[in-house]
Amino acid sequence: MAAKTTSEHVRLGDARGDWLRWGPYLSERAWATVREDYSSDANVWGHFPHDHARSRAFRWNEDGLGGICDDRQRLCLAFSFWNGRDPILKERVFGLTGDEGNHGEDAKEYWWYLDSTPSHSWMTWAYAYPQTEFPYDELVTTNAKRGRGEREYELADTGALDSGFWDIVIDYAKADTDDIVARVTVTNTGAEADTIHVLPTLWFRNTWRGQHSPPQITRYGDALIASGSGPTMRLTTTEPSPTALFCDNETNAERCGGKAHSEYPKDGINDHVVNGDDTVNPEETGTKASFWFQREVAAGESTTFTVRLSNAPLDAPADSAERVIDVRRREADEFYDTVIPADTNDEDRRIARQAFAGMMWGKQFYNFDVLDWLEGDGSAASESPYRPPRNDEWQHLNCADIISMPDPWEYPWFAAWDLAFHCIPMAHIDPQFAKDQLLLLMRNHFIHPNGQLPAYEWAFSDVNPPVHASAAMTVFQIDGCRDLKFLAAIFNKLLLNFSWWVNRRDEDGRNVFDGGFLGLDNISPIDRSEGVPAGYRLEQSDSTAWMATFALRMLEMALLLRETDDIYAELPQKFFDHFAAIAKAIHEQGLWNEQDGFYYDVLQGPEHSVPFELRSMVGLIPLFAVSAVPTTTITTPTPFADHFMWFITERGAYARTVLRSNPDMTYPTLLFSIAGIERLERICERLFDENEMLSPYGIRSLSAAHRDEPFTLDVPGVKATVGYVPGESDTPMFGGNSNWRGPIWFPVNHLLIESLQTFADYGGDNVKIEFPTGSGTLLPLSQITDALRDRMIDLFRRNPDGVRPADTDQRIVDDRVLFYEYFDGDTGRGLGASHQTGWTGLVADLIVRRPPANPPNDA
């Protein structure tokens, strides 16, 4: 890789705050979020539908197509389009709500994040817009007729793209920190000439809410001047004598109800362009304004439109837009040459770069003051005299931050455990942002005073797996193991979170933990958060193993930090003891099934226990609790070494748990592990069986053996059956929009690969396992982890038929990759959210950190 001295690295240095002031922080869906719900029945999807979005002012944040805004979202720039046939402007992505989709909420359009540098000095976004009338009603009605056993009805299924579409690409390039060029290239893929309408739109987020004078956008010559909220900015264009349209970012009270605050409300530009209505301000002033470009484009031809948003005076000299674009694109290439190894083939390089782009475009402005929201925040209170007290125990949470989102349309809100995984690929291109994100959730306006981390806005009190310590250690390592100040900062905050887990999720002190669904949604025959039968207690293999993993990562941090400050001297002992106690308990409480060679959840009843005999990801998570530490850690005299030697001498029952391997200290590393090598080998018989958990594209979340051998739970009050379902969910559990009963999920696969690599680092070539099971081929674990990486990356590589398995149903434009939420356990077909570059962006880490001794094969 090239030396890290590029122009982009300079921008990420001391002046990073200035260069990050503008970015893709504009959401792709602000409607139908918890924050915008002021209903009396907590009807999030119904209270603020897509049909209101063009006419109703948002309270908390804005949305748009391929847009940008400043880091406080005072001023926004995005693009609207019209094909001359639709009933409304295309201002935002359309999709179905959780109630409308046969598998929950789902975006019904096609767009891609193609490129971005960490400073957003260069960004590219693409969109496919039908030339025929957009089939809004058909998408709603057809999906409504489909059941959970049927596939979702997508835009491509309607035929709306068959006769051609507008292929739209937006490039952004920053000439300076507050000087941004945006070029829109529109290609007519149809067989005949057609006309496209392009409207670059500038507007202020409504922060005044009728309570004080708003900022203003006015026309000055051929420029739009935005002033009164932050620095004065000017939007100019290369088009001669452009038409400019003005209205206000205020609710259309006549259409949506409420009090009118403007004669020319938010949908004025839409109504004027589409219907010819007299709904724009003739005085050319307002809080929302657009240039209106119209151009006929011949079949197969392209045209461009360029605008520039800048705080420079109109008469100030400036580089040409094309020069700015050329320079920033070249600098982006130079930057990524320092990130992606030189021996990476073109196919994998494209996958990694678009994955990194998705990570960057997923950075969103997230604004929420829970107390203000609960109290109705002024004018909104009149909509509903009574509202359910959602999140009322989180009244301290008050944020207006740039946060990495799971998916900017389907999940336009932060999710705690998703965010931890986002930071791993992020650390390769902007380690400071990755570290800042991990620390953000630990800050006082996020973390609960009791130590719990907020899960997500639907229910901040839901419990997500405690993966932040693992993410912090990985980010620390990717960043060169040098930022001990970061490690100390997050360690100190994680102490509080660890204590919450110990005190709240192990209330009787047996070191066996609950936690509910823990992000694995429908993996169990019951809702593990709400559906435990009366009189029973659920002991969870995954929750207990997550805590053992948490303890090991805290132990690793403490061992590093004790070298910097004596205050940490006794903390390694604390977390070692926690790990040993949890490891002992997970075996003594019957979570390990010796006959099956697998870990199960166990339902403890008043008279007997019932193991959930499902070979699922729940039983693999104990493998994550592994750490290989240098043997010198205990052979060099230190308080920890003294404690460790006392422990293995005086606490034999515990010691056997953690010293199942290397008891004579002959290896260069010492293995702390729940499973140990012996049980790892038993588990791998199932794990690497292609008829069970090993798919062509990674590890399934549930064994395919349960296709023909479903598990049935039958206890008083509950009878439920779980079978292998490789695609979308066939149950309404957790909204029905995700499925852990067979599909492949990136976050747990990534953790599994990392854990197997740790076993490999410990045992070297001495530990060989049959791969695949039944093949007769014994491979070192290091080769197996390489094979698993390649299977995961193969989801996005073209197969011999030229098709990317993940994109089998979405082949709209070549060389554009979508990163789905999860993947069919048999075929690899992408499922769920289609822009979940959040944790699926981990594919970039798999490519970048692949061992150099095993270069990828050419596609």
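In which sense do strand β11 and β12 pair, and over how many bridges?

Tutor: The model is a predicted one. In it, β11 (residues 216–220) and β12 pair in the antiparallel sense, and the pairing runs over five bridges. As background, the strands of a sheet pair through backbone hydrogen bonds, either parallel or antiparallel.

β12 itself covers residues 223–227. Four of its five residues are buried, so the strand counts as mostly covered. β12 also pairs with strand β13 (residues 233–237), again in the antiparallel sense, here over three bridges. Within that pairing, I225 has R234 in β13 as its bridge partner. β12 and β13 form a hairpin as well, with five residues between the strands. G228 takes a positive phi there, near 105°.

Next, the open sheet. It has six strands in the order β1-β2-β3-β10-β16-β14, with antiparallel pairing. Its edge strands are β1 (22–23) and β14 (243–247), each of which pairs on one side only. For β14, the pairing with strand β16 (residues 288–297) is antiparallel and runs over five bridges.

Then the helices. Helix α8 (residues 321–337) packs against helix α9 (residues 346–361) at an angle of about 110°, and their axes are 12 Å apart. That angle makes α8 roughly perpendicular to α9. The meeting residues are A332, D333, Y336 and D337 in α8, with R349, R353 and F356 in α9.

In helix α12 (residues 431–440), the buried residues are F433, A434, K435, Q437, L438 and L440. Their cover includes both strands and helices: among them are β18 (363–369), β19 (398–404), α11 (416–429) and α14 (484–504).

Helix α20 (residues 676–687) and α21 pack at an angle of about 135°, with their axes 12 Å apart. The two helices are therefore oblique to each other, and their crossing is left-handed. On the α20 side the contacts involve G676, I677, L680 and L687; these meet L752, L756, F759 and Y762 in α21.

Helix α21 spans residues 746–763 and also holds H750. H750 has a relative accessible area of 3%, which is why it counts as buried. Leaving out residues up to four places away in sequence, H750 touches I424, L842, D845, L846 and R849.

Last, the nonpolar cores. The largest has 159 residues, and L620 and F796 touch the most other members. Helix α15 (residues 541–561) supplies the largest share of this core, 13 residues. A second, separate core has 63 residues, including L202, L235, L245 and Y264. Returning to F796, its contacts beyond four places in sequence include E347, I351, F746, R804 and V843.

Key:
Residues are numbered from 1 along each chain as its sequence is written. This is a predicted model: local features need pLDDT of at least 70, side-chain atom pairs count only at pLDDT 80 or more; totals for chains, interfaces and linings use all residues. Side-chain values use heavy atoms; hydrogens and water are left out. A nonpolar core is a set of buried Ala, Val, Leu, Ile, Met, Phe, Trp, Tyr and Cys residues joined through side-chain atoms within 4.5 Å. Buried means under 20% relative accessible area, exposed over 50%, partly exposed in between (1.4 Å probe, protein chains only). Contact means heavy atoms within 4.5 Å. Two strands pair if DSSP finds at least two bridges between them. Axes are lines fitted to C-alpha atoms, for helices over the stretch in contact, and angles run from 0 to 180 degrees between N-to-C directions. Angles under 35 degrees count as roughly parallel, over 145 as roughly antiparallel, 65 to 115 as roughly perpendicular and the rest as oblique. A crossing is left-handed if the near helix is turned anticlockwise from the far one by less than a right angle, and right-handed if clockwise.
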